[in-house]
Each structure stands twice: as structure tokens, then as C-alpha cells.
Amino acid sequence: MVEIGKEEKENLATVLNKAEERLLIEFEKLPEEEKFVMIEILQEDMKRVERYNTGKLAEVGKDEVNNYFNKVISLIEQYQG
Amino acid sequence: MDEEKQLPISILGVGSCIPSMRLTNKDLEGMVDTSDEWITKRTGIKERSISTKKENVYVLTALAAKRALDDAGIKAEEIDAIYVGTNYTGKYAVPGVSHIVQHLIGAKNASASDVGAGCSGGLYAMENGIGKILNIYYGFEGKKNKGRTDTKVLALAGDTLSAITNYKDRDTCVLLADAAAGIVLGIPKNNETQENEKGIYTIHTRSQGEDGHAISYKTGFELPIITQTGTEKGIKLSHKESLQRKERAFRMDGNEVFKFAVRALEKITRECVDSSKLRLEDVKDAIKIIPHQANLVILDKAAKRLGIPMEHMYHHGIVNYGNSSAASLFVELDYIYRNRELEKGDLFCLSAFGAGLTYAAACGRWTKEKYKGEKEYNKTQQKREVNSLFKKFQEWEPKS
């Protein structure tokens with residue numbers, strides 16, 4: 001059954017859920033002048049997603065993961081030159 | 001607002017209709033590149049309720065309306081107005097779902113109109129219903145009816161999203177489902193209510209059309225013919241229909257909608273709770289949040305932001321029936337009510353967000369006694385009622 005809301009075993013899907021929340025909700029909420037501070041955290045998130053990006057879930061989630069990577073990379077370029 | 005003078009408009013009855021077919025994650029594995037584990041972790045959904053040809057949006061919504069009327073102990077002729085929140089997923093663009101439902105249930109004395117507000121449509125219908133009761137009470141429908149406190153309104157929501165789903169688009173086909181549900185609104189007969197029995201406190205509706213492109217579809221669909229569910233085969237469409245759906249069916253910018261949904265659900269729930277002078281932190285008199293069943297991950301994030309446990313953010317429907325748009329919140333309300341999780345005096349907050357982009361919430365105290373009947377609707381009886389309503393629908397249809 002669904003385990004959301006409780007402690008759950010991490011996999012690519014759950015790690016991506018958390019990383020996307022940081023990228024889409026928390027990062028966008030920050031004032032423009034503070035966004036660069038969170039870039040390092042986003043990079044850590046990206047590495048974590050990369051570590052979990054293997055096996056069957058990586059196959060079925062490839063579009064979502066690529067979309068996520070593209071968004072983070074574009075932000076890194078924007079805020080770190 | 002002078003609270004002492006607020007009319008105690010309440011929910012007098014609830015009903016829902018879940019169609020008979022189920023599209024499982026296993027079915028979807030055979031239709032698009034996905035897996036049960038991926039869908040479960042990313043959306044929380046295990047199964048979607050899907051209509052057969054006979055369970056079209058008119059039949060589903062009419063049956064939900066009849067059940068809400070039964071629950072309220074009211075005859076269809078007593079209804080003054082019908083509002084249906086819908087995404088126009090039926091066979092006809094004109095007349096509206098509400099007009100056909102009016103005929104199917106025999107609500108001869110009602111006015112009827114559809115409300116297009118995406119997944120928030122049920123709450124927009126509810127707002128219209130409250131407006132109708134107040135219009136009559138304050139004399140906007142003539143002096144003869146001024147002061148009337150026995151106005152009854154059906155606020156319904158119904159959709160057959162399977163009719164507009166692109167079953168090759170795994171971002172959306174894993175979410176969408178079919179269902180209908182609704183409530184009867186009115187003033188309880190014993191309207192000398194105590195403060196803690198006052199019914200609906202506040203209702204808020206909002207929209208931001210500038211971002212409306214994030215969820216859309218083009219018109220002109222009918223329900224698919226379901227060949228098999230419960231197996232890997234799922235829903236099979238002809239090549240021609242698949243191509244048409246690729247071009248015109250439901251589409252959604254998932255990231256934009258996710259961002260909007262989490263923020264909107266938190267914002268409108270807080271706004272509504274605050275304006276009702278309630279407190280989310282109140283543990284003794286906890287508010288039961290009954291949200292649009294869109295995606296469990298969104299509900300989980302919103303619950304954390306609101307600082308409430310997931311037990312108070314009801315989510316049975318999303319796991320078991322999928323996202324049935326405007327109907328989903330009333331389906332959840334009906335489920336909670338019939339499972340005796342709502343009793344007189346309980347605080348509740350209905351919250352929704354969706355296409356438009358829209359968002360809405362309504363807060364109040366439950367004024368009905370704890371439900372004592374059967375928890376589930378009888379499936380054999382439902383089949384008979386669907387057949388009967390579908391026959392009436394066919395007889396009503398214009399002859400070419």
C-alpha cells in the first residue's frame with residue numbers, strides 16, 4: 001500500500017518527489033537575491049537522484065528524471081554563470 | 001459579517017456514484033511505459049474508476065443526485081436549483097449536464113446550469129447553490145418568496161475523464177478517472193441552531209486564468225469502448241481514436257500544476273479556516289480536511305505545509321478511485337460520511353484546485369447525525385438503476 005505520510009523506503013520515485021518539491025516549490029518561493037544560496041542544495045539533490053537512477057524505475061521514470069535534470073542544470077547555469 | 005444573522009445553510013444530504021470498471025496500475029503497465037511502483041510512489045493511485053458506455057456523465061450524475069436526495073429525505077420536485085461542476089466530458093456540449101440530469105431525476109421545479117471550474121467545480125456549484133438560497137431569502141426572486149427558508153439546491157459534480165484521456169500519455173492517463181457525486185443544500189427544519197450546529201461558515205472561490213493553459217483539452221470526444229480491465233490489456237482504442245486523442249485529449253503541464261496545486265491548496269484552506277475563525281492547530285476540535293483527490297504526493301506536501309497529520313487530510317478516493325476531477329471531493333465526503341467518520345458537530349473544510357486555474361474551499365460544522373445505513377452502495381441495484389437511467393437518457397436524445 002501507499003506509504004506517503006509515513007517513513008518509507010527510499011527509491012528513485014521518492015527521492016525525485018523530494019527533489020522536485022525543493023526545486024519547484026521551495027526554490028521558486030525564495031526572493032531572487034537569495035536563490036543562489038540554494039543552488040548547492042539543488043546540486044546535492046541532483047547527485048542523490050543520480051545515485052538512485054538505476055534499474056527498472058530509472059527506465060520508467062527517464063522522462064521525469066531528464067526533465068528534472070534539465071531544470072536544475074539550467075538554474076545552475078543561470079545562478080552560477 | 002454579522003455572524004448572528006448568517007443563515008444556517010447546511011449540507012442536508014450526500015450521494016455519489018462510482019462507475020463499475022476499474023483500471024489498475026497493472027493494466028497501465030500493459031498500455032504505457034510505466035510500473036505499479038512508479039505510479040504508486042509518484043501519485044498514490046492504485047486503481048481508477050472507469051465508466052462503461054451506459055455509465056455516461058449524465059447517468060452517473062443523476063444517480064449521485066438521487067442518492068443525495070434519498071439521504072436528505074427530499075423529493076426531486078422539491079429542488080429549486082441544480083448546479084453541476086463539470087468539465088463537459090459528456091456527449092453533448094448543449095444542453096448542459098445539469099439540464100439532462102434535471103430530466104433524468106424529475107426535478108421539474110428546478111432551474112439548472114453547469115459550472116465549469118475544473119476540479120474546483122463542485123465547490124463552485126456549492127457557491128452557486130448558497131447564492132440561490134440567499135437570492136430567494138432576500139427577495140431577489142420576488143416578494144412572494146422573500147424570507148423563504150425551505151429552498152433546496154443540488155450542488156453536483158460529474159465527469160467521465162476517460163472520454164478525454166490520451167491513453168498513450170503516461171503523465172496524465174495514470175491519474176484520470178470517472179465519477180459523480182453531490183450534496184443537497186438547504187436550511188435544516190430545526191433552524192434554531194446552536195452556535196456549534198451552524199452549518200457552512202464560509203466559502204471562498206478563486207481563479208488565475210493567466211495560467212489556465214497548464215491544463216486543457218479540445219472538445220469532441222465520447223467514452224471509449226472498454227474491452228478489458230483487470231488484465232494487462234486495459235483500455236484499447238482504435239488507431240484512429242488514439243491519433244485523435246494525441247492531438248486533442250487532456251494535457252497537463254505537470255510541474256506547473258504541481259507548484260500551483262501545493263500552494264493553492266495551502267493558501268485557500270488557510271484563508272477559509274481563518275475567515276471561519278477556526279484554527280488548524282486546534283487538536284481537540286480538529287478540522288477534517290476533505291480535499292480534491294488529485295494526487296497523494298500533492299496532498300502529503302500540502303498537509304505538511306498546513307501542519308496537519310495525514311489522518312486529517314482525507315485521501316481514500318485518490319488511492320482507490322483515481323482523480324475524478326470535480327466529483328472527487330464530494331465522493332470523498334460521501335465515503336467518510338458513510339464510513340461513520342463524520343458526526344454531528346464535526347468541523348470540516350472542503351478544499352479543491354484545478355483547471356482554470358481555479359481553487360476553492362468551504363468550511364463548516366457537520367449538522368447531520370452519524371450515518372447508520374449500509375456503508376457501500378449495492379452493486380446489483382446500481383446496475384439496475386444505471387440501466388433504467390440510460391434507457392431514459394436514450395429516449396430523451398434528439399432523433400436525427
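## Reading the model

Two strands count as paired if DSSP finds at least two bridges between them. Strands (E, at least two residues) and helices (H or I, at least four) are DSSP runs, numbered from the N terminus. This is a predicted model, in which local features need pLDDT of at least 70 and side-chain atom pairs count only at pLDDT 80 or more, while totals for chains, interfaces and linings use all residues. Residues are numbered from 1 along each chain as its sequence is written, with chains lettered from A and ligands numbered from 1 in the order in which they are written.

## A sheet in chain B

Let's start with the open, mixed sheet of chain B, where four strands run in the order S8-S13-S12-S11. Its edges are S8 (200-207) and S11 (287-291), each pairing on one side only. Seven bridges join S8(B) to S13(B) (358-365) in the antiparallel sense, and Thr202(B) has Cys363(B) as its bridge partner in S13(B).

## Where the chains meet

Chain B puts 19 residues in contact with 15 residues of chain A (C-beta atoms, placed from the backbone, within 7 Å). On the chain B side, H2(B) gives the most, with five residues.

Here H2(B) meets H1(A) (12-29): the helices pack at about 25°, with axes 9 Å apart. The axes are lines fitted to C-alpha atoms over the stretch in contact, and angles run from 0 to 180 degrees between N-to-C directions. H1(A) is therefore roughly parallel to H2(B) (angles under 35 degrees count as such). Ala13(A), Thr14(A) and Asn17(A) in H1(A) meet Trp38(B), Lys41(B) and Arg42(B) in H2(B).

Conventions. Two residues are in contact if their C-beta atoms, placed from the backbone, lie within 7 Å. Angles under 35 degrees count as roughly parallel, over 145 as roughly antiparallel, 65 to 115 as roughly perpendicular and the rest as oblique.
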